[in-house]
Amino acid sequence: MSAAVRAEALKELLRKPFVWGIVAIVALLLLNVLKDPGYLALSINPANGNLVGNLIDILRAAAPILMIAVGMSLVIATGGIDLSVGSVMAVAGAVSMEFMKSAGDSGSVGVMLGAVGLALIVSAVLGAVNGVLVAYVGLQPFISTLILMLAGRGLAKVITSGQNTSASNDPFRWIANGYLIGVPVVFLLAAAIVVAVGLIVRRSALGLMIEAIGINPKASRMAGIKPRGLLLTVYISSGVLAGIAGVMSVGTVMTVDVSRTGYQLELDAILAVVIGGTSLAGGKFSIGGAAVGALLIATLDKTVLFLGVSSSATPAFKAIVIVVLCLLQSERVRGWFVQRRRSPRTPSAIPARSEEEVAA
Amino acid sequence: MSQELPVVQMRDISIEFPGVKALDGVDFRLFQGEVHALMGENGAGKSTLIKALTGVYKIDSGSIVVSGQESQFHGTSDAQAAGISTVYQEVNLVTNLSIGENVMLGHEVRGPFGINWRATHKSASAALERLGLGDLDTHKPLSTLSIAVQQLVAISRAMAIKAKVLILDEPTSSLDANEVEGLFRVIRSLRDQGVAILFVSHFLDQIYAISDRMTILRNGRYEGEYATRELDRRTLISKMIGKDLDTLNSLGGNRRVDKRDHAAEEPVLIAQSLGRRGAIEPTDLSIHKGEVVGFAGLLGSGRTELARLLFGADRPDQGAIAVHGRRVDLKTPADGLGHRIAFSTENRRDEGIIADLTVRENIILAVQAERGWARPLSRKEKDEIVHKYVTALNVRPADPNRLIKNLSGGNQQKVLLGRWLATNPEVLILDEPTRGIDVGAKAEIQETVAELAESGVAVVFISSELEEVVRLSERIVVLKDHQKIGEIANGPGVTAEQVVDIIAAHGVDAAADSGLVDADDDLRSTDAAHLPAAGEERA
Amino acid sequence: MTALDSRPPATTTRASGFAGVLASLRRVITSNPSVLPTVAAITIFLAMVVFGELSYGRIVQYSTLSNLLINNAHLIIIAVGMTFVILTGGIDLSVGAVIALSSVAGVMLSNAGWNPAVVVLLMVLIGTLSGLVSGVLVQYFNVQPFIATLAMMFLGRGLASLLSTVPERLADDSPIRALGTQLKIIDGPKVNDLVISPGVIIAIVVVLVAFFVLHRTRTGRTVYAIGGSENSSALMGLPVPRTKVLVYVISGSLSGIAAVVYTSRLGIAQNITGIGWELDAIAATVIGGTLLTGGFGYVLGSVIGALVLGLMNVLITRDGGIRPEMTTIITGGILLVFVLLQRAVSKKRE
Amino acid sequence: IGLAGCASGDGADAGGDSGGDGDLISVGFVAVGPEGAWREANEKNIQSTFTEDAGYDLKYAPATNLDQKSQIDAFTSFVDEGVDVILLSATEASGWEDSLKRAQEAEIPVVLLDRGIEPDDPSLYVTRIAPDNIVVAEAVGEWAVSEFPDGANYIVLEGPAGVGVVNERNEGWDAAVDGSALVKVAAQTANWSAEEGKSVTETLLKANGNDIQLIFAQNDEMGLGAAQAVEEAGLTPGVDVQIATIDGTRSAMEALAAGQLSFVHEYNPLFGDTALDVVAKALEGADVESYIIVPSTAFDSAEAAESVLADRQY
Ligand SMILES: Nc1ncnc2c1ncn2[C@@H]1O[C@H](COP(=O)(O)OP(=O)(O)OP(=O)(O)O)[C@@H](O)[C@H]1O
Ligand SMILES: Nc1ncnc2c1ncn2[C@@H]1O[C@H](COP(=O)(O)OP(=O)(O)OP(=O)(O)O)[C@@H](O)[C@H]1O
Ligand SMILES: [Mg+2]
Ligand SMILES: [Mg+2]
């Protein structure tokens, strides 16, 4: 009985879109193991009892991407996109660094809380700007967030007057570099936030409504959903999550690099979301999938370094991984169709759009 | 007829979707110069058969022979190239382009400088003209047309393509008698020119009026092929449903006669000079508890427009609405819902279903929206609601975890009805609720409406099928040219023909003698006193 | 646009002069509200020109206007390609990287002694090929356009870097440089000349051809239809798969052409050329009134969009007093004002 | 909002004289824009030199995204506008011939700051004022060779692949270490950023079992990031791993003083006064040398760093 249930669960799992993301992670790790058999080894640093190893590095690197990917998956589910996350990260980083620099006390938890709090408030405001432009003014999400992507980086520069501000604050540094029961704090934090967002979205009706808006905004409105408030909420969430990512990111070196912090990370986030099986056209989304996507991207970045792929070949290497992954995923779709013997003639013409593919 | 070779011959066709055998060994033949009706209940597999023929779906087994050639098409364009022109069940046009372009897309008239737009629009006009739409401005965006007119445009498009085979999947589902008559004229003339026509409809009158032969499907299985004149209605129905005739006795005829005097009760909803420029002239209206009010009118008469204002789907630019005597401002559908008004749209695909969500999610959506996202329905509540309406409305397949887009058109309609019933509305506005619904289910829905009214719900019932409106409603609001021209208190003497006459006569001569209550008189009950801040206009 | 080019001439002949133009414009707009954002874009562009002339001067002069075209010819070309893709509801992020790849490869081949005509053809074909790959990924492997073209962006950039990470200089005597020569039409004082370059002519030809294809061929109308509803288009029997691949091929090929135009003007090619140009092209398209969800928009609008971006940079430069950290804020601010105005105008008149 | 705001502010002082050719000499500065601490110091220095008090109206035009196209656009616009002098800090050396020729036709002198042009044609510009990237990188390389006479494993943290500075710094370094016993185990881009410098170093250390003795970071930020990664790997910067960087910003000097870095070669950004001189001469029509090299100092010890920290301007 339980075996049958387990087999059923496995089958269900295999049908999830992000399974290929996991496969890709495993494949990349294997590639690393081929180069160095000890790649996966974890050791314990005798000095402080922390886990040390390449896998731990990957988890740490994944944390900020996880944050923005989760926010991005909500935004994308509504049929939007948030290009400003990278810039919001820079702003959050700039705000917190400036705050700590002027506060000065390098050991104070209060200063850390103040810095983080301020950073999150500012990023929430930026998210709200996106939300208002999209939901109330009615601009296209791509262009509204593109505007904030440009302006946000400028804002970060204004905040630090163009400097790459550094500060020292041990609790803040601990968030990004510290360990708790041997595991990096950032990752624990990121994992906790992912789970929390997942629970909030799926336990409440938020997820359902976001999906409804993303699939068919007109029909959702007719069903009594008020899209504006929801959109605002979603963009604010994305902003706040980007703010957290910014804090994590600048915390690693305790310096905000106004032109580099979060640079082009929006692409990583979007990639993560798509690898996780969410369609950019909006609708059904998967937070777990986005998390897998984020882990894959972190693994890919680290693999490129570990294998010593030359800087100039790195983009090509990434491109190949993405293309292979996409092909695998689409093969999966086909395999699924063959297996189920359900074969629409126009497999390509099945975008998950509201007005489309409605059986008559 | 049967001695010649069929233009289309499908043998032993099977198609299986995950969990559903949509077609199971179906045979089908279509001859030149005939109108062939494809009959079956909702979900019987009619649309699937059509999609199999035109290459939208790949068949799992069987063979298709078109004009003597084994053919399995790779999509509609292939089928068109082979002379098969199709109007699918849902209107498949592109709303971002003009009417004329929609008619002519892919067949534009070309000259030395590319497409000759003048000639193209002229051909489009000519094609539309055949269905009586000659006065449409073909340059206007298609999105300005009501769904019914869009359906006519889609048919015009199919007819503009010179084809050997014309397939019409429920072309008349939102047309009124006039349009249907116009369509039939054209179909007959095409038939006489030797075109083979495949026709699907749930209106038996239409089937008997137009078809020569019919093929009946039941549950994806082939039931038989018959000459229309050899098969009487009752046999047809029993073959479609596969049940004994007794079950069908409830069909038709059971008109609501237990008229109560609603005027004495306080109206649930009052509209006073409610209007919106370009859509509906200022209108007064009152709807009482437990009453069924029908809206009658021709295509584009403004029924949908008025209903949308009553719900809050559109904002009026003048007039006011009161619910239970209290003045309300309905800015969005959410406001309407908040005042226990529900509105089931005629545009099922664009404004009704959320295609990629399951039946379950589609049903609970409005209830959940009303509660807000922070107070989710518990699993048990959801199950109860979903179970209740899937069973009550006989949604098939009865699996609530299926994506709604994979349901047949009629079943999608039932799910939407369930969505609105689940909100326990006080006012239920049904715009073409029986569109695309089979005979059996139609009777069930009518029954449901009657029961709802009995239990005190005020129902607004809009349908292009006048008989249905007359049969069901106690009061009929007649609209013409975006204007309410009067109300009829329904009674045993009132027939659909009379209503048609009233509409036709209006503006020609005074219509008061045909049982029409003057609109102003009727306002006795909707006394201005009920409206606080009455007369306030937001023009 | 059907309305634009299919109005019966009667309406235009009857009208005369400026009032007539206004009247026929109004007719076009009322019968087809989707031209509104584009009309708004043109209006705001003209207002920007006037504003710039009044506050900084020397905007409305031969050299500034010629250079606006010359410096943005390649942007106009890729914006046109982008318009095709976006009209179908897709997106092409690879244009900048494809330009880098195509120009680096082209210059290296040319310096290796290849026939310049062949080199130019190859440069365009590199674009075509990358567009074809994107299109096939999108159409036949169900990869989302954003991702497929993002992969092509990485690939193009990577291949360009693998070819060379140093600037590749086109030989001084290379005939390809001829494509970058500027032809003086009116020789004004000092450098205030009315000049035109082959690149500009190419851009104009591209725009005209694109306009013709989009509005006067079935393929073009199919592009719009797909943007309206891909599924409906397929059910209407339109050649959806072919057209969808085609738009990426067009965008890719135009990137190749843009690479030729840009490289011949500068005489160098580099692997880091064109970073962020895809965003410029998308912004130009959107400013011009094209909806990113597809189905609505005009190439003419995208041309205006490209010029707006160019003019915006000129104005910021002319001002010269902007603090470095403020420049992106101001760019963003102007963009915002632009789209807000556009939105307000379109909404009011609707 | 932005445009209106800046315009009204500017309209007041620029008035009707569009070219700015009133009393003030108008200078168009085609700049790189915010890129890092070095660039920041350099451009601030130029801006604070060419002030209105000194008789100049400086128009500042930074590049977007370090994109050469935007610089060419700005350059063209300055020529069209008819400024008196153009200062050009090119992001890329090549591709400037046509623009410079146009400036010449318009009789506008051009002074190159930092980056030269390729191919070099001194007739197209007045002079080039710059520290020399190749020489600086060579100096770092020579230090490394002398520091590790018995050889060492080293990694290079580069800027983005293909950027001119990166190529020049690589060139200088490679020339100096060529033939020595130093072994390059990896070269990766960290995009000039501290965060990436840390992340890259972290992985490269693991990939090589911590067997790395020298890190050459092509700018200070990446070097500072690397130092943190070295520490977190349980190694001691300066002892187990020596880190050399180029630029010489204040934070690098502090790190050098603290022993985190081992060698910092200044890339002197402060040549505003020289530029001012040159511009004045050029406008008078006097002759100027075609290449003015800005002297840069090397700092190879904590003491050396401490001695300048007090009055380090950037
Ligand atoms: N794309 C699909 N995926 C899964 N199941 C489908 C799909 N399309 C149709 N079905 C199922 O196939 C069966 C036949 O549907 P079909 O649309 O052919 O019915 P129909 O006879 O046209 O009904 P109606 O009168 O309601 O239009 C239904 O049970 C439906 O749920
Ligand atoms: N979304 C819309 N935008 C602009 N005009 C519309 C829109 N929908 C409908 N109309 C127009 O409004 C008029 C009234 O349409 P309405 O849909 O109310 O008619 P109806 O009486 O409900 O008939 P039916 O729905 O059967 O066509 C029609 O002329 C129609 O073209
Ligand atoms: Mg059907
Ligand atoms: Mg209607």
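Chain A and chain B bury about 3,800 Å² between them, where buried area is the accessible area, taken with a 1.4 Å probe, that two parts lose on being put together, summed over both. Carbon and sulfur atoms carry 63% of it. A word on the source: this is a predicted model, local features need pLDDT of at least 70, side-chain atom pairs count only at pLDDT 80 or more, and totals for chains, interfaces and linings use all residues. Residues are numbered from 1 along each chain as its sequence is written, chains are lettered from A and ligands numbered from 1 in the order in which they are written, and side-chain values use heavy atoms, with hydrogens and water left out.

Back to A and B. The contact (heavy atoms within 4.5 Å) takes 35 residues from chain A and 51 from chain B. How many salt bridges cross the interface of chain A and chain B? One, counting a side-chain nitrogen of Lys or Arg within 4 Å of a carboxyl oxygen of Asp or Glu. Glu361(B) and Lys284(A) form a salt bridge at 3.6 Å, N to O.

Now chains D and C. They bury about 3,900 Å² between them, 53% of it on carbon and sulfur atoms. Chain D brings 42 residues to the contact, and chain C brings 41. Here the count is three salt bridges. Glu97(D) and Arg169(C) meet in a salt bridge at 2.2 Å, N to O.

Next, the metals. Which residues coordinate the magnesium ion, ligand 4? Thr304(B), through OG1, and Glu346(B), through OE, at 1.9 to 2.6 Å. Donors are N, O and S atoms within 2.8 Å of the metal (3.2 Å for Na, K and Ca); water is not among the atoms, so sites may look incomplete. Both Thr304(B) and Glu346(B) are buried, meaning under 20% relative accessible area, with a 1.4 Å probe and protein chains only.

The other magnesium ion, ligand 3, is held by Ser47(B) through OG and Gln89(B) through OE1, at 1.9 to 2.0 Å. Ser47(B) sits in helix H1 (residues 46-53) of chain B, and Gln89(B) in the loop between strand S6 (84-87) and helix H3 (99-104), so the pair ties together parts 42 residues apart in sequence. Helices (H or I, at least four residues) and strands (E, at least two) are DSSP runs, numbered from the N terminus. Ser47(B) and Gln89(B) are buried.

Key. Buried means under 20% relative accessible area, exposed over 50%, partly exposed in between (1.4 Å probe, protein chains only).
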